[in-house]
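Let's take a walk through this structure together. Have a look at it first, and then we'll go through a few parts of it.

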Amino acid sequence: MNSESLPRRRARSGHANLTAHGEPWVWLTASSLALAIAMIVGLLSLIAWRGLATFWPVPLELVTLADGRRVFGEVTEREPLEPTTAAIAGHPGRRLVRTGDFDASGNHFEWIDDTLIADISQPEWATVVERLDAGRLHGIPRRLRHGDRVVAEGSVDVGEAFAREHPIARGRLLRAVWIDKHERGELQRQRHAARLAVVQAGLDAGAGSQRQSEAERRERQLAGEIERREQTLDEETAKLRGENAGWVVEFETASGASVPVPLDGIVRAWQPNRLSLAGNLGVYLSRWGEFLGDDPREANSAGGVFPAIWGTVTMTLIMAIFVAPFGVLAALYLREYAGRGPVTTAVRVAINNLAGVPSIVYGAFGLGFFCYVVGAGIDDVFFKASLVADGQPTFGTGGLLWASLTLALLTLPVVIVATEEALSAVPNSMREGSYACGAGKWQTIRRIVLPRALPGIMTGLILAMARGAGEVAPLMLVGVKKLAVELPVDGTFPFVHPEREFMHLAYLIYDVGFQSPNSQAARPMVFTITFLLVAIIALLNVTAIWLRSRLRRRFVSQHF
Amino acid sequence: MGSGASMQSVDRARQDIASEAVSRPGEPPQDRLIAVAAGLEVEAEVHDGVLKEPPVLEIDRFNLWYGTKQALHRITMPIPLNKVTALVGPSGCGKSTLLRSVNRLNDLVQSVRITGDMRLNGDSIYDPRMDVIELRKRMGMVFQKPNPFPMSIYENVVYSLRIDGETSRGVLDEVCEMSLRGAALWDEVKDRLQDSALGLSGGQQQRLCIARAIAAEPEVLLLDEPCSALDPIATGKVEDLIQELRGRYSVLIVTHNMQQASRSSDYTAFMYLGRLIEYGATTDIFTKPVLRETEAYVTGRFG
C-alpha cells in the first residue's frame, strides 16, 4: 500500500479538537462535584463549629452606657449599622448583649449602639449563674448566707465557700428529686394499678360483684400502706429540703441590685473572666455532660436532651428491625419468585412511586390506621380498664411503636429497591452452580443469593435509617412530644413501653428553634442539637458501613 | 414478512445453495455443512465403537427450541460409562445447550421447549414424574467461569451434602478431603479450608468447582468448557485432573479446544448448528474421520 496515496488526516479546527478531548466536560463535571462538596462541607462545618462552640465559656463584659445605665453580659453578635445611618450618626456599629438579667429588665438580649458606650470592663469575679428555673443570672457574688448568718463575704471567700457547700446542697436536692420522681412515682403506679384492677373487675364481673368488692378491699388496704410509705418519703424529702433551706448566695447585678439565689437552685456557676484554659475546658465538658445525660429544663432551651437521644436511637433501631425483614422478603419475592409481566412491572413502579409520597401523608396514615384503628382495637381488648378509669387511650394514641411502624412504611421502598438491585447483582452463574448441585430454589436463595446480596441490602438499610432518623413531619402526628421525660425503655415492669410518647432530636430542633419563647438564647442549642443529630446518624451509618465492609470482605472476591 | 410467497422464495434459495454446494468439486468439502446451514436434515455418522460401549446416558431424538428458534435437532447419542466424551464444534452449535439439557438447567429459561428424551442409567430425565432436584443430585456440573460460592473452601466442597441436611462432622470432613484429593487440590488448600473460596486463584477455583461436583458421587460429570477462562498452566492442571478422573467417572465435556479434546477424551462428538455430525472414538475422529467435514473442522480449516 502506498502511503502517499492516503489523504493526510488532521484536526479540522480547534473546536473539533476540544470536543474530541472533552476538556470542557471534565471541567463541567468536576465543578459540579466541587460545588456539591463545598455545600456539604460548608454546611457540616457550620453546624460543627456553632454546635461545638455553644458550651464554651464567653467573657462577661460590663458595659456602662453614656446615660449611666449598666449592662452586664456576653456579646453574642456584632454588626455594622446601615451605611447611611452610620454616615449621619457617625458611629461604627452595634452589638447584641446577652444580659442574663431577665428578672429586672424583662429582656434576655439587648442591642447596644457603640456610640452610646461610655466604658467597657471585664470584672474578674463576673459570674454566670445557671439557675434551675428563671434562667441565667449575670452578677458578682457578694455574700453567702445561711439564714441570717453570713458564711462568707466578698467575692474570693464566697467563691471558696461556694465550691465547698454547693456540691453538698446540690446532692441533697438531687436526692430529693430522685425520691419524688422514682420512689413516689412507683407508689403512684401501684395505686393506679390497684384502681385499674377495681375497674377491670367491674368490667369483667359487673359492678358491685364479689370480685369487685374484693378488689376494692385490696385497693383500700394498699392505699393505707402507700400512705404510710409516702409519709416516710415526705419526711425524708422535707428533711433534705430543710437542710438546703436558708442557704442563699447574693449576687450584685449590673443595676447594682442584690439578687439572692438559693444555693441548691444553682445548677452551675463560673467566672469566665478569670478561668484558665483548663477551667474553661472543665466548664465546657461539664455542660456537655449535662447536655448528653440529663433531662431538659426551661422549655427545652437549657439542660440536657438525653430523652431525645434515647428516643431517636430507639425509634430508628425499632424501625430498622421492622423494615429490614419486611422489605427484604418483599424484594425476594419480586425478584426471585414473581414472573416477569405487567403485574410485576406495575408493582415495581408503584413501589418506586411510594418513595415519592410526602412524608406527612405517611404520618396521617399512621395516625389514622395504627393509632385509631389498630391501637384503638388493642385498647378495647387489653386496656379497657385504663380507658374507662382514666379516659386515656394506651395504644390508641401516638407512641414509639406506631412512630417506628410509620417510619418503617416510609422507608420500605428504599429497602425494597436497594435489595432488588443487590439481588439482581448476584451473578446467575452462582444460582446455576447451586441448582446444578441439586439445591432447591429456597436453599439457593438462603445459602447463596442472600449472603452474596447482604452488603447491598445493608446499603439500603443504611439509607433507610438515615432517612428515618432525620424525619420529623410524620412523627409529629404519631407520637413525638415536646417533653416526655419517661423513657420508652426503663426499669419499670415490663421494661419496654412501646406505647409511650417520646422525644426526638429532629423534632427538638423545630421546637427549640422555632417554638421557644426565648429563641435568641435557644439558637446555639439548636446548632448543638443539630450537630448531635448529624453525629448520631453518622454513627449509625458508620456502624452499618463497617458491618457491610466486613460482609463484603467475606463474600466478594477482589481478585481474579 | 411471513407471507407464504416469501417463505417459498427462502426455501428455493436454500435449495439453490445446497445444490450449488454439492455441485462444486475441488473446494474444501463442506457440502453437508452447507446443507445443514440451509436447514436440511443430515443423518449423523455414529461409529460402531461407540455403540458397543455400555452407556451411562442415552440421548434419544432430542429437539430443543428457544422460543421459535430450534437449537438442537434430533440429537441421538449414547454417552459411554466411565469414559470421557468430548463435544466439539464451532460457537453456537448447541454443545452447551445439550450439556445443560442433561441436568435440566434449561428448565430455568422460560422460553425453552423440548421434545424427545434422555435416560440416565435407564431413568427418563424428562419424565414429568422425575424430581428435577433429585436428578441434579445424581450429576455434577462445572461451568465455563469458575463459580465458587461466597463461603469457605470447606463449605463449598460439602455444599451438596449440606443441602441434603448432612450434619455429621466426620462424614463432611471425609467427603471434603476425598473430593479435594480427587480434584488434586488437597495439598494446596488443606491448611486453609476455612478461608474464603474467593481468595483462590482462577485455576484453583475451577478445581474447587470440580471437587464440589464430585463430592456427591455423581453418575455423570458435566464439564462446560472448564478451561476457557483459565491461563495455560491452570488449564494444564485441570486437564491432568480430567485424565485422573477418567475411568472413575463418566465425563461429558464441552470444549472449543481441539488439542484438549484429542488429549483428554476417549470419544469425540462433532456438532454443527444444532446437529450431531460425527461421533466416534477420539483417535478415529482426529486421525481418520469418516466425513471430510469433520476432518476439515478438526484440522482447523474452518470453525
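Predicted model: local features only at pLDDT ≥ 70, side-chain atom pairs only at ≥ 80, totals over all residues.

Residues are numbered from 1 along each chain as its sequence is written, chains are lettered from A and ligands numbered from 1 in the order written, and side-chain values use heavy atoms, without hydrogens and water.

Start where the chains touch. Chain B brings 25 residues to the contact and chain A brings 22, with contact meaning heavy atoms within 4.5 Å. About 2,100 Å² is buried between them, 63% of it on carbon and sulfur atoms; buried area is the accessible area (1.4 Å probe) lost by two parts on being put together, summed over both. On the chain B side, Pro150(B), Ile163(B) and Leu198(B) lose the most area to chain A, together 26% of what that side buries.

Now stay in chain B and find helix α10 (residues 202–214) and helix α11 (residues 232–245), whose axes come within 9 Å and cross at roughly 20°. Helices here are DSSP runs (H or I, at least four residues), numbered from the N terminus. Axes are lines fitted to C-alpha atoms over the stretch in contact, with angles from 0 to 180 degrees between N-to-C directions. α10(B) and α11(B) are therefore roughly parallel, a label for angles under 35 degrees. Gly203(B), Arg207(B) and Ile210(B) from α10(B) meet residues of α11(B) including Val238(B) and Leu241(B).

Finally, go to helix α13 (residues 428–436) of chain A: seven of its nine residues are buried, so α13(A) is largely enclosed by the rest of the structure. Buried means under 20% relative accessible area (1.4 Å probe, protein chains only). Just after α13(A), Gly438(A) has a positive phi of about 90°.

Key
Helix = DSSP H or I, 4+ residues; strand = E, 2+ residues; numbered from the N terminus. Parallel < 35°, antiparallel > 145°, perpendicular 65-115°, else oblique. Buried < 20%, exposed > 50% of the residue type's maximum accessible area, 1.4 Å probe, protein only.
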